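Subject: Structure handover

Hello,

Please find the structure below, with the sequence. My notes on the charged residues and the sheet follow it.

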Amino acid sequence: MSKEIKARVQQKHGTKAEWDRATSFVPLKGELIVYTDLNKIKIGDGTTTVSNLKFSKALDETAV
């Protein structure tokens, strides 16, 4: 028997200034960190603080 679950998922998000203050926050592996003012994301690896993660190229505007 299968059961359908309808849900919405909200990723962690904030402005660059807000994320700059999160100096010790370590996103879980695969967790998306959204920079709302830059339209960029970082993807957590489970060990690196958000400030030391590189931006993902998944939203690179040249690909659009």
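**Charged residues and the sheet**

Lys16 is partly exposed, with a relative accessibility of 38%; buried means under 20% relative accessible area, exposed over 50%, and partly exposed in between (1.4 Å probe, protein chains only).

Before going on, the ground rules. This is a predicted model, in which local features need pLDDT of at least 70 and side-chain atom pairs count only at pLDDT 80 or more, while totals for chains, interfaces and linings use all residues. Residues are numbered from 1 along each chain as its sequence is written, and side-chain values use heavy atoms, with hydrogens and water left out.

**Salt bridges**

How many salt bridges does a search of the whole structure find? The count is three, where a salt bridge is a side-chain nitrogen of Lys or Arg within 4 Å of a carboxyl oxygen of Asp or Glu.

- Lys16 pairs with Asp20, and their closest N and O atoms are 2.8 Å apart. Both residues sit in helix α1, four residues apart, about one turn of the helix. Helices (H or I, at least four residues) and strands (E, at least two) are DSSP runs, numbered from the N terminus. Asp20 is partly exposed at 43% relative accessibility.
- Lys12 and Glu31 meet through their side chains at 3.7 Å, N to O. This pair links distant parts of the chain, 19 residues apart: Lys12 is in strand β1 (residues 12-14), and Glu31 is in the loop between α1 (16-21) and β2 (32-35). Lys12 is partly exposed at 37% relative accessibility, whereas Glu31 is buried at 17%.
- Lys6 pairs with Glu4, with 4.0 Å between the closest N and O atoms. Lys6 is exposed, at 74% relative accessible area, and Glu4 is exposed too, at 63% relative accessibility.

**Lys42**

Lys42 belongs to strand β3 (residues 40-43). What is the nearest side chain of opposite charge to this buried residue, which has no salt bridge? That side chain is Asp20, 6.6 Å away; for charge, Lys and Arg count as positive and Asp and Glu as negative, while His and the chain ends are not counted. The Lys42 side chain does reach the backbone oxygen of Val50, at 2.9 Å. Leaving out residues up to four places away in sequence, Lys42 is in contact (heavy atoms within 4.5 Å) with several residues, including Glu31, Tyr35, Val50 and Phe55.

**The sheet**

The three strands form an open sheet in the order β1-β2-β3, with mixed pairing; two strands pair if DSSP finds at least two bridges between them. The edge strands, β1 and β3, each pair on one side only. Neighbouring strands of this sheet are turned by 20 degrees against each other on average, direction ignored; axes are lines fitted to C-alpha atoms, for helices over the stretch in contact, and angles run from 0 to 180 degrees between N-to-C directions.

Strands β2 and β3 run antiparallel and are joined by four bridges. Tyr35 has Lys40 of β3 as its bridge partner. The hairpin of β2 and β3 has four residues between the strands, and Asn39 in this hairpin takes a positive phi near 55 degrees.

Regards

Definitions and conventions: Polar contact = N/O pair within 3.5 Å; in protein donor to acceptor, adjacent residues only side chain to side chain.
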